[in-house]
Structure formats: structure tokens, C-alpha cells
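Here's a quick briefing to read with the structure open beside you. Grab a viewer and follow along.

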Amino acid sequence: MTIAWKDFLLEIRSKEVVLAVLVFSLLSIVVFNIAFDPTPRTVAMVAPGILWVALAFGGILGLSRAFALEVENGGFTGTLLTPIARDAFFFGKVISSFVFMAFVELILVPVMVILFDLNIPVFLFIIVSALALLAVSLVGTLFAAMAINTRAREILMPVLFLPVIIPALLASVECTEILFSGQSSINLSKWIGLLAVFDAVYLIVTPFCFGLVVSD
Amino acid sequence: MAGLLPLCPPRRCYISMKTKSQCLVKVSGLSKSYGRRRVLNQLEFEVECGSGFVIRGSNGSGKTTFLETLSTISRPDEGSIVVCGVSLKEDSAFVRSKIGLVAHSSYLYPQLTVKENLVFFSRLNQVPPQALDENILLSQMGLDTRLNQRVSTLSHGFQKRVSIVRSMLHCPKVLLLDEPETGLDEETLSVLKGLIKAFLSDGGSVILTTHLEKLDYGSKMENLFLKNGKLMPLS
């Protein structure tokens, strides 16, 4: 929690991560709104993809920026010099990323509801969002840490991140499409189950990989 | 001078049951290369309680690499590092808890204030942040009036002072200083030399590097020269 507290303080001072994710995501939604004719039929099919693509790419931007702030003046190295366990460091970063992304989504979703005239079952959507954002935070934090010391970090981060997050993104889009269109909950429970499985796998693999990445 | 570090308990030297020596740091066969260039070459080094070393060498001789390897920032290609009887490979967190490092970079978060940085690193080192209120090193380093100032607004010299305080928060047994005189004025350099003297008297060990031939850190510090990846007496 100390790591997350530090990240929240840094974000309050710099306002870089949330703003970057929010502006990018909002712009994406506006562009898609213009590109697609938002009839009731197309909205249910297109809006879920728009939401999660906007959040995924916004997340790449935000996480890259968050780790750039870590590297500036060597604060990241200073943290690694302490006895803190590497997975504790990792989960601290995941918590802060999750909170930032959730904050952005709290603004984004009402905008989408207004733009696309959506009717969302709130409780189920919160569950799907939480699982999806957890996946994005876990995988994004790992690959942002990997890319941090490379010259081509802005290119490397999406190249690494997107192929790995695609299964979770697909599951999120399917869940959201079911919620937006009001289809049966049997399909929804299958996709939520799949998303939960991906999260479980990421929860085990990513902290282990992070420990390997941050040791020289 | 011992009052510089009032909150640190007296350092007990680790006494090896096998050798009966008071060895804080033992480096064996340490090697590190960058590409084809071997910077540290089968380096052997022992540091006992209360001993200090000034490692001198030309630019690119491997002084910073040596300290980075000791402090666990950089992993050696070969060799072992044992601190207070515990090998780095066995328990790197323990080793990190016994070492304080002051490097070229301040290792601070520039957007946070001095106090916020020190509170953050105190918590990570499992030191109660309330201990900062009694830390007289802050006033010795002239930081007591700058606690609420953002690190980014401090000069390089003051950032170095904060870095020195940061490195001492957890009462380390071994202090590593990489060219600490850089950016420090005469007054602060004098305080730093006093700090080193108190640290050694208290049973700790100091390893510092410098490229300045004429800079003297006192009679308690032994001078070594790093050349061709090995340490040798300065003479």
C-alpha cells in the first residue's frame, strides 16, 4: 500500500497518467461515434469494442507514463534498493494502475451511455469491469516494467502488451456486448468465468515474471 | 560525533564461528562484464567492522560498477557477495537491509517533497516515519527547513544531502558512497566526513569511491586502487 500511496501522491501532483488515459479514451470514443452510425442495432455490437479498445490503448499510454515517472531521477532504483519484496512492489503498482483506470472508466462509461443511449445493468457491469481492469493492470504493469529501460519503450510496450491481453479483451468485449444487448445470462456467466480464469493465470504468472525483470 | 546517529542501535559485528573474524562484507571471485569489456575481474575483497575504504581509479575503471554490484542494483556475472554472514543469492532482501547507497543519481521522486520521499523510504525500510521527527541528521544536513520543498526544486547539492539521509534511514551496517563529494560544498563535505567517522566508530563500514586524488577522508580510511578489474593498495 505504501507503493500505491506514493503513486497516488505522484498522480495528484503531476496529473499525467489519468489525464493521458482519459483524454485518449474520450477522443477514441468521439471518433468512433463519428465513424459509426450509432443506430440501436450497431451500438450494441460496436460500443463494447470501442470501450475496451479505448481503455486498453489508453492504459498503454498511462502505464508507460507512470513508469517513466518512476525512472526519472532513479526513484525506481531507490525503491529496488530497499528490502521490499518484488511481488509487493508489483502489486502496489497494480493497485494504483487499477484505481487510475477505474477512475477513468467512471467518467468514460457515463459519456458512452449519453452518446450511445445505452441501458447498462450496473452490478454485472461492475463485475466485468473489475475483472477486465485487473487483467489490464496486471499485464500492463509487467510489460511497462520490461520496457522501461529500453530505448523503444513506446513501441515495445504495445507490441508486448496487446498479444497477451487479447484473450481477456475478447472476453470483456463479449461480456459487455451481452450486457448492452440484454442477452441471456448463461452466455454471460461463461464469458465471465473465462475472464476470471485469465485473471487467475495473470495473477500467478505476472508477479513471478516481474521479479525476474527487475533483477538485473 | 556519535550523536549524529542517535536512533541507530550499536552495531554488533558479525563474528564468523569458523574464522572468528569480524567480517561484514566478503566478496569472492567477483566478475562483471559489459559486452566484451571485463570491468571487474575475479575481485577479492573483505570488509571488517569499523573499517573504511576509499576506492580510487580513473574514469571507467569500474568503481561505480563495483558499488552497484555490492548494493544489488547490478547482478555479477560470477562470484559471491556475503554481507553479515548472508549470501546475496541466499537472501538479497536481507543484504539490501544492511546496505545504504549514495550514488550519482539521488534515487528520489522529484515531484514529492523531501519529507514525503523520506517517509516513503522509511516505510519501505520498515522504519516508523515518526522517527524522522527525531532524526538530527536532517538538521546537520540543513534539511529541517526544506522538508516541505519538492525535490525537483532543490539544487543538486541539496538533493545529494537528501540522498545521504535516505541511505541512513534504516541504520545500515555498510555505507556505500559513489563520489559523494560531487555537488557538495565545503561545509556539507565536512559534515559528511564527520558522519563517516561516527559511522566507523559505531562499528559500521564505509566503502566510497572518488576520482579526486587529493581528497582525504581521514586516517581511518584505507586507500585502494581499482585497475584492470582488481583492487590493489594505492602504493
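What follows is a short tour by topic.

Keep in mind that this is a predicted model.

- Start with the open sheet of six strands in chain B, which runs in the order β6-β7-β8-β3-β9-β10 with mixed pairing.
- At its edges sit β6 (99-102) and β10 (230-233) of chain B, each of which pairs on one side only.
- On average, neighbouring strands here are turned by 25° against each other, direction ignored.
- Look inside the sheet and you'll find β3 (residues 52-56) of chain B running parallel to β8 (residues 205-210) of chain B, with five bridges between them.
- In that pair, B:Arg56 stands opposite B:Thr210 of β8(B).

**Helices on the sheet**
- Helix α5 (residues 156-168) of chain B packs on the sheet, where it touches β6 and β7 (174-178) of chain B. The direction of α5 makes about 170° with that of β6(B).
- Helix α6 (residues 186-201) of chain B packs on the sheet too, touching β3, β7 and β8 of chain B. Its angle to the direction of β8(B) is about 145°.

- Is helix α1 (residues 63-70) of chain B largely enclosed or largely open? Seven of its eight residues are buried, so the rest of the structure largely encloses it.
- The buried residues of α1(B) are B:Lys63, B:Thr65, B:Phe66, B:Leu67, B:Glu68, B:Thr69 and B:Leu70.
- Just after α1(B), B:Thr72 takes a positive phi of about 80°.
- B:Arg75 sits in the loop between α1 and β4 (78-83) of chain B. It counts as partly exposed because it has 13 C-beta neighbours inside 10 Å.

**Where chain A touches chain B**
- The contact takes 20 residues from chain A and 22 residues from chain B.
- On the chain A side, the elements that give two or more residues are α1 (2-14) and α4 (75-80) of chain A.
- Which element gives the largest share of that side? It's α1(A), with six residues.
- Sorted by class, the chain A side has six nonpolar, 10 polar and four charged residues.

Definitions and conventions: Residues are numbered from 1 along each chain as its sequence is written. Chains are lettered from A and ligands numbered from 1 in the order in which they are written. This is a predicted model: local features need pLDDT of at least 70, side-chain atom pairs count only at pLDDT 80 or more; totals for chains, interfaces and linings use all residues. Two strands pair if DSSP finds at least two bridges between them. Helices (H or I, at least four residues) and strands (E, at least two) are DSSP runs, numbered from the N terminus. Axes are lines fitted to C-alpha atoms, for helices over the stretch in contact, and angles run from 0 to 180 degrees between N-to-C directions. Two residues are in contact if their C-beta atoms, placed from the backbone, lie within 7 Å. Ala, Val, Leu, Ile, Met, Phe, Trp, Tyr, Cys and Pro count as nonpolar, Asp, Glu, Lys and Arg as charged, and the others, Gly among them, as polar. A residue is buried if 20 or more other C-beta atoms lie within 10 Å of its own, exposed if 12 or fewer, and partly exposed in between; C-beta atoms are placed from the backbone.
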